[in-house]
Amino acid sequence: ALLRKLKQTELAYQSYHQAMIKSKQNMIYAWGESDQSSSKHVSLITDFVRTSVLASAAAREAGTDFQLQMNYLIDAEKLAAPLFESMGGNHDIHEILKITFRDQIVDLYNNMGITEKKQGSMKRARDFFGKAFEINPKDGHALVQLASVDDANNVIDNAASAVSMAKELDPEYVSALFDGFSSRFESELVDVLQYRGHLLLYEALQKALIKLSKSPLSLKKMVDMGCGTGLLGELVANEMSWVEVSGVDLSQRMVDIARGRKSNTGEDVYASVSNEEAVVYLSTLDEQSIDCILASDVFIYIGDISKVLEESSNCLINNGLVGFTIEAYEGSEADSGLRLLKSGRFGHSRSYIENVARLTGFEVVLWEDCVLRQQANFPVKGA
């Protein structure tokens, strides 16, 4: 893992390959000592699947050929799939171990799908993502990957229906996604993808205050929802130093970075930063205790925002403000206006936002179409 982090891809691959061989040897050796459906064997084959997935990913990063990458995964599936299928009624295996094994099988199929997807085999990739989703319908990675290949074959099945009906992503998936992304978050998002969401949202806040004839000095307490590393919070701290900003984020690693963020005067950007889901955090705040809530690139990972706006309504003062960015989605009149996009993020239509705002006691006072960032050299449109 250290070699992988240091970009020593060939050495990392060789290390993971050796780990896989050792894991397989341990598993084969144990076959002669215990029942192949015992807890010990399940634990060993779980480890073999895990090291096979890592070896395959490292092989891909080292530039090896496609078939070698797949062979690691195919060998793991041959050994693991039959055991998984027969394990359901085995009461001798602890439930936690069953769940761990299940999650590793899901990870295996997701990686088989990713390998096929990178090869351009979208139908085969979709089949593997479908297997992962069938085993665990709550797996965020499988759902997002299915969305990314959703239009490949215009297939209508349970997986396609799950994508079209998706209203949220598993919080554990989102948390893990940003934990892994935290160390390079700003360099990639701002420098490479030209992300501007925090800047656009701050500008929109100033325009909304003018439109409502409210002084910026009227804002005393603000929540930076999904604060990430603190890009938006720092902007507010530098330009509106009188505002007490509290942050909340699902990713512990993002929270750790945000807690150490300083303004241009050397002060802490945030009065506090909490590691919680947005709805849970907002529900703990006193009624009418917050002047403004901002959420830059947050609702695209939440999906259905009705509960967030309900809790926001409870903790905001009268005529309090909620400002946020969304990615654009314009569906048919028959759908809800909420869709998990091929990007793996949710898109919201203007009609959806206006409807949810009305149902939760809000009024849309400012709407500006914009480009949030670049992705694959194309603008990501939003508002």
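**Close-up 1. Lys 7 sits in the loop between helix H1 (2-5) and helix H2 (9-31).** In this predicted model, Lys 7 has a positive phi of about 65 degrees, even though this residue is not a glycine. With a relative accessibility of 68%, Lys 7 counts as exposed.

**Close-up 2. Asn 377 lies in the loop between strand E9 (370-375) and strand E10 (378-382).** Here is another residue other than glycine with a positive phi, this one near 65 degrees. Asn 377 is exposed, at 75% relative accessibility.

**Close-up 3. Asp 139 is found in the loop between helix H6 (122-135) and helix H7 (140-148).** Asp 139 counts as buried because its relative accessible area, 16%, is under the 20% cut-off. Leaving aside residues up to four places away in sequence, Asp 139 touches Val 106 and Asn 110. Ile 353 is 214 residues from Asp 139 along the chain, and their C-alpha atoms are separated by 26 Å.

**Close-up 4. A patch of negative charge on the surface brings together Glu 168, Glu 277, Asp 304 and Glu 310.** Take Asp 304 as your guide: this residue is in the loop between helix H15 (299-302) and helix H16 (306-315). Asp 304 is partly exposed, with a relative accessible area of 32%.

**Close-up 5. Helix H12 (residues 231-239) has buried residues, including Leu 231, Leu 232 and Gly 233.** Leu 235, Val 236 and Ala 237 are also buried in H12. Among the elements covering these buried residues are helix H10 (185-192) and helix H11 (197-211), along with strands E1 (221-225), E2 (244-249) and E4 (290-295).

How values were computed: Residues are numbered from 1 along each chain as its sequence is written. This is a predicted model: local features need pLDDT of at least 70, side-chain atom pairs count only at pLDDT 80 or more; totals for chains, interfaces and linings use all residues. Side-chain values use heavy atoms; hydrogens and water are left out. Patches are made of residues with over 30% relative accessible area and no salt bridge: like charges are joined within 9 Å, nonpolar side chains (Val, Leu, Ile, Met, Phe, Trp, Tyr) within 5 Å. Accessible areas come from the Shrake-Rupley method with a 1.4 Å probe; for residues, only the protein chains shown count as cover. A salt bridge is a side-chain nitrogen of Lys or Arg within 4 Å of a carboxyl oxygen of Asp or Glu. Lys and Arg count as positive and Asp and Glu as negative; His and the chain ends are not counted. The place of a charge is taken as NZ of Lys, CZ of Arg, CG of Asp or CD of Glu. Helices (H or I, at least four residues) and strands (E, at least two) are DSSP runs, numbered from the N terminus. Buried means under 20% relative accessible area, exposed over 50%, partly exposed in between (1.4 Å probe, protein chains only). Contact means heavy atoms within 4.5 Å.
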